[in-house]
Amino acid sequence: VIWDIIGNTQFCSFKVTKSQNFCRNEYNITGLCNRSSCPLANSQYATIREEKQCFLYMKVIERAAFPARMWEKQVKLSKNYEKALEQIDENLIYWPRFIRHKCKQRFTKITQYLIRMRKLVLKRRKLVPLSRKVETRERRKEEKALIAAQLDNAIEKELLERLKQGTYGDIYNFPVHAFDRALEQQDQESESEEEEEEEEEDDEDMNKLKTSSDEEEQDESSEEEEVEEEMEVQTKASRSKGKSPANGSAARKKRAYVEIEYEQETEPASKSRAT
Amino acid sequence: MDITEVSTSQDGKGKKGKKAKKKSAEVDGEGSAGEEKKMVKSELAVAFPPAFSVSEIKNKQRRHFMFMKLKQEKRKQKMQLRKKRRKEREALGDKAPPKEVPKTIENQRVYDETTVDPEDEEIAFDEGTDEFSAYFNGLTNPKVLITTSDRPRGRTVRFCEQLATVIPNAHVYYRRGLALKRIIPQCVARNFTYLMVINEDRQVPNGMVLCHLPDGPTAHFKVSSVRLRKEMKRRGKNPTEHFPEVILNNFTTRLGHTIGRLFAALFPQEPHFVGRQVATFHNQRDFIFFRFHRYIFKNEKKVGIQELGPRFTLKLRSLQKGTFDSKYGEYEWVMKRHEMEACRRKFQL
């Protein structure tokens with residue numbers, strides 16, 4: 001009779017109408033608004049609730065007339081999980097299966113989340129909320145930045161520059177003509193250049209090639225030093241990879257000569273680039 | 001002329017879009033026979049009564065149709081403008097004005113006063129005496145400890161392993177609930193220079209804490225787009241034990257400089273050029289992209305690179321002065337979203 005009134009079709013104040021069939025009644029055992037789990041519509045009902053300890057609440061038909069005394073807070077369920085289950089069983093002994101089963105399920109769930117809460121408190125883990133809008137915005141920005149970055153080109157350019165500046169020493173033996181041509185081209189370009197570069201490279205390899213510690217890490221001085229040192233490295237045993245020594249030494253000599261010549265030329269070039 | 005035009009066009013729309021399009025195409029054809037821009041404009045003005053905008057039509061089909069037509073008109077005008085300009089440029093030949101550079105976000109970037117000038121003495125002095133100076137002077141060799149948050153899942157574990165192969169002298173240890181603050185003194189005792197903690201969320205790595213150990217700065221990053229090695233297309237064989245070179249791009253400001261040095265100190269000072277491997281940290285609009293490649297010089301003008309190793313992107317969230325300390329730490333820089341992300345042209349790194 002009661003369910004016909006407050007049930008699915010009509011109005012129930014505990015029913016959360018916007019979402020799917022939740023019942024806000026605190027005595028509800030499953031939380032859903034169903035015919036079998038509505039505490040108002042069932043005359044024989046039992047719930048587990050916890051206020052610092054789990055209690056089994058029972059409602060029987062004899063007390064339906066006294067709403068204040070309707071729910072009997074019977075049993076203080078013990079902390080031991082299995083004993084508590086037994087207690088539920090013995091108290092609800094002749095009750096319908098559904099209520100017994102749901103009571104036990106609810107109790108299990110409650111103990112589990114209590115355990116989890118205690119664990120979280122111990123772990124000291126801070127939970128930082130994520131905002132979906134912010135996340136999508138960041139993802140989009142990242143994609144655009146990736147496209148703008150043109151990583152492959154940048155890496156290749158950087159590697160070629162390092163090759164030109166000779167940070168690799170004498171490992172790569174390329175024909176000197178093309179090298180000179182490339183250098184000349186670079187000089188012409190740098191003369192017409194006015195502005196400084198945007199990129200700030202950290203002079204990793206400059207540092208690496210320094211044998212003695214340097215106080216300042218400016219572009220010019222390090223470049224000069226490195227060019228000088230590179231010739232030292234060449235004279236010492238370097239890591240030539242199986243190129244014939246005759247060839248290597250010839251190229252080395254020629255290149256050493258060439259580089260001495262260009263040392264003055266590259267200086268102004270490097271200065272203009274740094275300023 | 002006006003009234004009849006309007007009525008015919010509207011009638012056509014009333015029946016079917018196609019018919020109306022045909023009619024309007026005819027009208028357009030007549031219109032564009034004369035002078036280009038003016039005719040089109042006047043034709044538009046002629047076709048619609050004044051103070052008319054496309055959004056005022058209530059009928060969705062008609063509104064859509066009118067909007068499409070408007071778009072077409074605009075595109076046509078743009079093409080005509082472009083053609084004209086190109087003709088002018090060709091006509092002028094050498095005397096033509098230089099090509100206009102399109103505006104990009106990098107072009108329009110708000111000038112950051114903390115941009116590092118390569119010759120700034122103060123900065124050079126700072127760098128000579130900061131926490132990384134020991135590394136850059138060749139005194140210490142980097143030794144990295146990689147760990148995760150509690151209970152790492154498969155992806156994170158694999159990511160850690162791959163990171164360990166990329167960074168030379170790196171060790172992976174698993175954390176069973178140990179507090180970071182207690183690990184740190186142990187690490188210092190064992191001569192580690194770096195502590196890297198990869199935080200995980202929903203079975204995927206999403207955060208990284210990079211802590212320079214002997215009392216150095218701690219940086220907290222957000223990690224995104226992690227691609228493991230087997231997900232890479234056209235990748236090479238696994239990286240060897242050679243020390244890779246490091247490329248750091250676009251770290252311009254003071255903060256960027258610090259972060260750049262933080263990354264640089266992860267790798268040993270002397271790269272093995274024989275190994276031909278390079279690790280790149282490229283900063284673009286405050287996102288740091290990490291890539292690991294093997295390169296080969298085909299001749300001195302061309303280099304080929306082949307990607308091996310994992311890739312990920314980082315975004316700096318905070319930088320702390322001392323080692324990792326969430327409660328009492330002194331934050332040198334914290335990402336404050338409302339202030340810093342308000343302007344699209346302003347970046348911190």
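Buried here means under 20% relative accessible area, exposed means over 50%, and partly exposed lies in between, with a 1.4 Å probe and protein chains only. The model shown is predicted, so that local features need pLDDT of at least 70 and side-chain atom pairs count only at pLDDT 80 or more, while totals for chains, interfaces and linings use all residues. Residues are numbered from 1 along each chain as its sequence is written, chains are lettered from A and ligands numbered from 1 in the order in which they are written, and side-chain values use heavy atoms, with hydrogens and water left out.

View 1. Lys315(B) is buried, its relative accessible area being 8%. When neighbours within four places in sequence are set aside, Lys315(B) is in contact with Glu138(A) of chain A and, in chain B, with His220(B), Phe221(B), Lys222(B), Asp286(B), Phe287(B), Met335(B) and Glu341(B), where contact means heavy atoms within 4.5 Å.

**View 2. The salt bridge between Lys222(B) and Glu135(A).** A salt bridge is taken as a side-chain nitrogen of Lys or Arg within 4 Å of a carboxyl oxygen of Asp or Glu, and here the N to O distance is 3.7 Å. The pair crosses between chains, with Lys222(B) in strand β5 (residues 218-227) of chain B and Glu135(A) in helix α4 (residues 132-149) of chain A. Lys222(B) is buried at a relative accessible area of 15%, whereas Glu135(A) is partly exposed at 21%. A network of salt bridges links Glu135(A), Glu138(A), Lys222(B) and Lys315(B).

**View 3. The salt bridge between Glu245(B) and Arg162(A).** The closest N and O atoms of this pair are 3.4 Å apart. Because Glu245(B) lies in strand β6 (residues 245-249) of chain B and Arg162(A) in helix α5 (residues 151-165) of chain A, the pair joins two chains. Both Glu245(B) and Arg162(A) are buried.

**View 4. The salt bridge between Glu307(B) and Arg291(B).** The two side chains meet at 4.0 Å, N to O. Since Glu307(B) belongs to strand β9 (residues 302-307) and Arg291(B) to strand β8 (residues 287-299), both of chain B, the pair ties together parts that are 16 residues apart in sequence. Glu307(B) is buried, with a relative accessible area of 12%, and Arg291(B) is buried as well, with 5%. Over all chains, the count comes to 12 salt bridges.

Conventions:
Helix = DSSP H or I, 4+ residues; strand = E, 2+ residues; numbered from the N terminus.
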